[in-house]
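Please read the following explanation with the sequence and the model side by side.

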Amino acid sequence: MAAKLMNIQTQHNATDLVDSFSRTISYLRLSLTDRCNLRCRYCMPDDKGEGLQMLRHEDLLSYEELLHVVNIVVGMGMNKLRLTGGEPLVRKGVMGFISSLSAIEGLEEIRLTTNGVLLGEKAAGLYDAGIRKLNISLDTMRPERFKAITGVDLFHKVWQGIETARELGFDIKLNVVAMKGVNDDEFVDFAKLAVENPFQVRFIEFMPVGNDSTWDKGSYLSSKELREIIGGMGELEPLPGCRMDGPARVYSLRMENGNSGKVGFISPISHHFCDTCNRLRLTSAGTLRACLLHDREADLKSLLRQGASDEELRSLIRQTILDKPKGHTLADDPAHCSGQMSRIGG
Ligand code: SAM
Ligand code: SF4
């Protein structure tokens with residue numbers, strides 16, 4: 001990993017990152033691109049025949065602009081970053097960008113969320129660039145079903161990528177979107193995977209995001225229902241301090257033969273974690289978004305490209321944090337949120 005460089009503003013005001021509800025926003029999710037090499041039906045449904053509207057390259061923030069913004073937020077006190085998308089690994093030059101991020105003093109952790117398709121060829125480079133923790137999305141272990149969900153016959157490639165990452169020593173979390181009638185007959189197999197491998201398997205409640213999303217009440221499963229299914233396999237015991245592990249509630253699953261693994265449940269709908277949410281999002285369109293499930297966004301890109309000073313950029317970031325909504329009401333009113341998941345970054 002490259003030597004740490006001095007941050008452009010290391011002095012920060014302790015209250016810069018505190019929102020109106022006393023939450024400290026210490027974690028930035030960066031969507032590097034809205035493009036993807038898969039077409040998961042729940043995220044980028046492509047069956048309208050009109051083709052998906054993608055951002056043009058010039059609509060994305062350049063790596064230079066992104067580094068500028070990350071330096072500013074780290075100077076304000078943020079210390080954790082997640083790279084996401086779309087598929088972050090399809091953006092050209094991503095390794096060099098990650099190496100530059102790794103050199104930012106004060107940025108303690110850079111994580112990556114990926115669909116795994118390019119991991120086989122890129123995992124070693126990611127490790128060299130400073131990434132140690134990967135979230136890999138995988139909703140099925142059946143090749144035919146993988147093709148039905150993602151539109152592409154690439155299960156084996158993803159699996160090989162996961163194996164490569166494991167051999168390199170990455171800390172791996174597998175993200176499984178739980179969908180009734182789609183992959184609910186595989187939850188037990190996924191939990192077994194957590195027992196037999198050093199992966200934490202996390203079941204995510206299916207969210208109604210995007211106007212074209214395939215979400216409907218019939219396909220939604222709550223974390224409570226998921227815990228009942230997994231609890232039938234063995235003893236499910238909450239791990240202490242599990243709220244520290246992002247939004248997941250993490251449990252140890254102990255089987256009758258004494259073997260155990262870690263499984264997590266992410267419940268954005270049934271038991272939302274808004275009261276402890278510490279996230280800010282920078283979408284691939286260069287807008288700041290304080291909540292995944294609220295469409296309000298602030299146009300950071302325009303400000304940047306008008307030549308705004310760092311102080312003006314900080315001020316917009318600060319205001320976005322102050323405006324972060326208290327929470328969402330999807331549990332009471334599961335109307336679709338119109339944002340596009342691949343642009344926002346999940
Ligand atoms: N392409 C990368 C991937 O799939 O891991 C990163 C971007 S993807 C938008 C980030 C995460 O959002 C993935 O784990 C994906 O499964 C999840 N996701 C996308 N749409 C979702 C939905 N409607 N409900 C729940 N999770 C969703
Ligand atoms: Fe691509 Fe990830 Fe969305 Fe699937 S969930 S279409 S892999 S961005």
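This is a predicted model: local features need pLDDT of at least 70, side-chain atom pairs count only at pLDDT 80 or more; totals for chains, interfaces and linings use all residues.

Residues are numbered from 1 along each chain as its sequence is written, chains are lettered from A and ligands numbered from 1 in the order in which they are written, and side-chain values use heavy atoms, with hydrogens and water left out.

The protein chain has 10 helices and 12 strands, where helices (H or I, at least four residues) and strands (E, at least two) are DSSP runs numbered from the N terminus. Of its 346 residues, 53% are buried, that is, under 20% relative accessible area with a 1.4 Å probe and protein chains only, against over 50% for exposed and partly exposed in between.

Two packed helices are described by the angle between their axes and the distance between the axes. Helix α3 (residues 119-129) packs with helix α5 (residues 155-168) at an angle of about 25 degrees, their axes being 8 Å apart; axes are lines fitted to C-alpha atoms, for helices over the stretch in contact, and angles run from 0 to 180 degrees between N-to-C directions. The two helices, α3 and α5, are therefore roughly parallel to each other, a label for angles under 35 degrees. Their contact (heavy atoms within 4.5 Å) is made by L119, G120, E121, A123, A124 and Y127 of α3 together with K157, Q160, G161, T164, A165 and L168 of α5.

Helix α3 also packs with helix α2 (residues 94-102), the axes coming within 8 Å and crossing at roughly 20 degrees, and α2 and α3 are therefore roughly parallel to each other as well. Here M95, I98, S99 and S102 in α2 meet K122, G125, L126 and A129 in α3.

Further along, V182 lies in the loop between β5 (171-178) and α6 (187-196). Because its relative accessibility is 31%, V182 counts as partly exposed. Leaving aside neighbours within four places in sequence, V182 is in contact with R145 and I149, and its C-alpha is 9.6 Å from that of A148, although V182 and A148 are 34 residues apart in sequence.

Finally, ligand 2 is surrounded by C36, L38, C40, C43, M44, G86 and N115, each with a heavy atom within 4 Å of the ligand.

Key:
Angles under 35 degrees count as roughly parallel, over 145 as roughly antiparallel, 65 to 115 as roughly perpendicular and the rest as oblique.
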